[in-house]
Amino acid sequence: MRTLLTIAWRSGWNRRATLALVAFSIGLSTFLLLGFERVRADIRESFSQSVSGTDLIVGARTGGVQLMLYSIFHLGGATNNIRMDSVRAIEQNRNVAWVVPLSLGDSHHGFPVLATTPEFFTRFQYGYRQRLALASGRLFHGSLDGLYDTVIGAEVADALGYRLGQHITLSHGAGGPGGIEHADKPFTVVGILQRTGTPVDRTVHISLEAMEAIHLDWAGGAPMPGVSIPAAMARKFDLAPKQVTAALVGLKSRAAVFGVQRFVADYPQEALMAVLPGVALDQLWDVVGVGEKALLALSALVAVVSFAGLIAVILAGLNERRRELAVLRAVGAGPRQVLLLLLVEGTLVAALGVVFGAVLVAVSTFGLGPWIQSHYGIVLDASAPSAAEWQLVAEIVAAGVIASLIPAWRAYRLSLVDGLSPKV
Amino acid sequence: MIEIRNATYRWRGAAADCLDIESLALAAGGSLFLHGPSGSGKSTLLGLLAGVLAPRTGDVKVLGTAMEDLSAVQRDAFRADHVGYIFQQFNLLPYLSIEDNVLLACRFSALRSKRAEEAARSPLGHARHLLKGMGLDEELWHRKASELSVGQQQRVAAARALIGSPELVIADEPTSALDAALRDGFMRLLLAECARAGSALVFVSHDERLADHFVRRLSLPAINRASVRQGSEEVTA
């Protein structure tokens, strides 16, 4: 076996130019398959780590996935707001421990602005029941003195280079060209949160009252003409929010979750819904799963093409190597050893390709990881391959062995027919 | 050493035998010149002797072992242990060094490897000894086979056939690619090394001038009854 391995290696090295190309293409398909698997797994991990300790998310009646996406991930928008009365009514339910209202819609340099109560910072949990923590500064109190205080996520601070005491202005809506700034009411950064690897990192947090204040002189999504309320004056108005976008709900006992969900759904004054974050995520995966399968099938197809290349290259070279096979037969190799030799050769090429692809995945996660995290909030795990990835690697190598069987079988037949006198 | 009795061989799907030899014998350490033009059943006979083929009927005994009694796998192992083979041309694996090409024969046979050790302490030692014996300078030993001239390649092939002192060396027109001067040099070296190793030599060629190097000569068409029949068929057709 060692002899065959040595011969296969030397023989292959002799044809390294063509075989390297094949290994390269197998490497690229391995990269596709492995990279896809890693991104897929890490996206799921990122998403499922983004919220914990919240039993229900309440919002206007819409899809469960949609409610989850905009309230937690700040993706997409709400179809409707909910009234603050409704939130209070839910708070009164005897099974409900706490309610944290959320109000979304504005942005700052593309980062979403979340208006909420100070309680958000103690109630919101992520990962395995980890709480938010400050990296520096303090939280906002919700008092009128600190009306224009803001607490920003780690990514916001890093990307924009903000430090405590920085004055920032918010953009109405998603911002961008043609957007309108709330320039008359600048905010002060009073706190920067520690990095969490969740959408919180990319969020600018302000109080619900501040959200009311910056929209006092607005109506129908635009500033009222001729009306301007200076920042300090705003404090004299009633800043209690009338509407919010959604609310996080914590229960006294998880057992009551379906009861409260029904209570919300049947709430007579307004069309509301409540979703369990885990269930909404499962629904999301069901939707995304179809696309994932299509992508996986496509990557698998690319792998099949590269293995077809492997078969073609080795088969094409075989005719020129009939003398080589005859020499091996002459020194005592049997047709089975010839078969094994070609099998080893193909497997070596496939294995090298897989190693190349795996290294490429490792290098890219290492190199592109920070960029992907800052742009998409997805933490790519640069650690050791997961069980699923090992399985994938094993499957690709197995496919390589199966593909190599075809030229190996052909070589077996040739060496049987040719014996010591190759017909070249 | 070699004992053939009424051995016939027929290619799969063929209507008639291509080889039919009543008797052929060679003593241990002996040498034999077989004159065989192409089509005289040369490849078949050598295939039988090397154990790549098994006779359809009759007996092919090498070293007292009946080839027809062995399985294909056993015959391959037998060849590895007891037979050295030299082709007309293209004997070497181009991607291996000269030394590794010679050692290749030991890689497939523990017996040959052991005998090479006995002869020169190590297989590599025996390989170098044989290469030197075949007139190949030390500076060539680490070169790739493809860098050598045809004459040099054939001498490397002879060294490989002889490493581990196999009982039988089969040479299939090994000089046909060499010019006259090289040819005689090669013949002398091959015969001398075979004699030193105590290996029997079956030498096939269509070049009758080489027969002078041998005491015993045979014409393959003369002993192959199948070729006579085939010949007459061709005439009648």
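In what order do the four strands of the open sheet in chain B stand? The order is β2-β1-β4-β5, and the pairing is antiparallel. Strands here are DSSP runs of E with at least two residues, and helices are runs of H or I with at least four, numbered from the N terminus. Two strands pair if DSSP finds at least two bridges between them.

Before going on, note that this is a predicted model: local features need pLDDT of at least 70, side-chain atom pairs count only at pLDDT 80 or more, and totals for chains, interfaces and linings use all residues. Residues are numbered from 1 along each chain as its sequence is written, while chains are lettered from A and ligands numbered from 1 in the order in which they are written.

**Stop 1: the sheet of chain B**

Select β2 (19-26) and β5 (65-66) of chain B. Find Val62(B): opposite stands Thr65(B) in β5(B).

Next, select helix α1(B), residues 42-50. This helix packs on the sheet and touches β1 (2-9), β2 and β4 of chain B. Contact means C-beta atoms, placed from the backbone, within 7 Å. The direction of α1(B) makes about 125 degrees with that of β1(B). Angles run from 0 to 180 degrees between N-to-C directions; axes are lines fitted to C-alpha atoms, for helices over the stretch in contact.

**Stop 2: two helices of chain B**

Select α3(B), residues 98-107, and α5(B), residues 123-133. Their axes lie 9 Å apart, at an angle of about 120 degrees. Which residues of α3(B) meet α5(B)? They are Ile98(B), Glu99(B), Val102(B), Leu103(B) and Cys106(B). On α5(B), show Pro123(B), Leu124(B), Ala127(B), Leu130(B) and Leu131(B). By class, this contact has nine nonpolar, no polar and one charged residues. Ala, Val, Leu, Ile, Met, Phe, Trp, Tyr, Cys and Pro count as nonpolar, Asp, Glu, Lys and Arg as charged, and the others, Gly among them, as polar.

**Stop 3: the domains of chain A**

Colour domain 1 (2-47 + 284-418) and domain 2 (51-282) of chain A. Such bounds come from an automatic or database domain assignment. The C-alpha centres of the two domains lie 49 Å apart. Their contact takes nine residues from domain 1 of chain A and 11 residues from domain 2 of chain A.

How values were computed:
Contact = placed C-beta atoms within 7 Å.
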